[in-house]
Amino acid sequence: MSSWLSVSWFLVTSTDHTVTRAWPACALGGWSAAWHAGRCSPDDVADTLATFADRHIIDDLTDQSRADGDGVLGILAILRGVTAMSVRLPSAGDPHGLPPGRVTSAAFAAGEALLVDDGNSLGPLALVPALDGDVCRWTVDRYADPLPADPSAPVGEIEYQLRQSVSEAASLATRVGSRAGNPPADLRGSVRALTLRNQVDLPPHDDTRASRVIDTAAQIEAIVTVAGAGDVTFGATSSELHSGDGELRRLVTLARAARGAAVNRVISEFLPTIP
């Protein structure tokens, strides 16, 4: 089965200890919202960004001049005066309410965008990350109009759906076989490493449900990534391969929706969220 996932997949065994973290826009949204609420310092936001890359570069496509320039200080300056924010995690066939255009194309490529209301009369500002080794390049752009509401379900409803899907994901893990003959221990190590990669490091918050949802979504997406990788198979017949591919799509869509809804739930503890 050819992989439909638009990610670079690699087998990480249990002996590997260095894992590249994903979802910088989600982490930035949570920590910068906590900063605005006085629950953490700007240094905490900067430390969070440092876990993703040594260098942060801003590509500002708006017409606004920014005196603070590039890097982490430039990102903090952009976020200093915001009054609301939220994340959107679009993927193929699931734009999360984002309209077609240059900003959304960048968000699709990254798989995430942090939207902020900076008081401009137009639509929200979007910060879209692109990780490349030890550099994270942030595209800063603006929507021309207010956005439609995020269609994601509430966190409580999504948690119920996740609970229903955990056993399905676990079944996938037991049915995955490897063309290359990688032992089960290596596959389990890959799932563990990818779960860690997909978890979102957020500031201390009061919503334990949001934390559960984020952790479960990370585990499900890790299993899906391993099961959908190009060098493993799902099932023994063409009909099983076809149905398995559809199930992987459904699970990853659910996991991404859950992550976005949970991160926005945490943001809403500290700052109003953009609808």
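**Helix packing around α3**

The crossing of α1 and α3 is right-handed, meaning that the near helix is turned clockwise from the far one by less than a right angle. The model is predicted, with pLDDT of at least 70 needed for local features and 80 or more for side-chain atom pairs, while totals for chains, interfaces and linings use all residues. Residues are numbered from 1 along each chain, and side-chain values use heavy atoms, without hydrogens and water.

Helices are DSSP runs of H or I with at least four residues, numbered from the N terminus. The axes of α1 (residues 24-36) and α3 come within 11 Å and cross at roughly 60 degrees. Axes are lines fitted to C-alpha atoms over the stretch in contact, and angles run from 0 to 180 degrees between N-to-C directions. Leu28, Ser32, Trp35 and His36 of α1 contact Ile75, Leu76, Leu79 and Arg80 of α3; contact means heavy atoms within 4.5 Å. Five of these residues are nonpolar, two polar and one charged. Nonpolar covers Ala, Val, Leu, Ile, Met, Phe, Trp, Tyr, Cys and Pro; charged covers Asp, Glu, Lys and Arg; the others, Gly among them, are polar.

Helix α2 (residues 42-50) also packs on α3 (residues 71-80), at about 125 degrees and with axes 10 Å apart. The α2–α3 crossing is right-handed. Pro42, Val45, Ala46 and Leu49 of α2 meet Val72, Ile75 and Leu76 of α3. This contact holds seven nonpolar residues, no polar and no charged ones.

At the start of α7, a side-chain oxygen of Asp207 lies within 3.1 Å of the backbone nitrogen of Arg209.

Definitions and conventions. Helices (H or I, at least four residues) and strands (E, at least two) are DSSP runs, numbered from the N terminus. A polar contact is a pair of N or O atoms within 3.5 Å; within protein, one must be able to donate a hydrogen and the other to accept it, and residues adjacent in sequence count only if both atoms are side-chain atoms.
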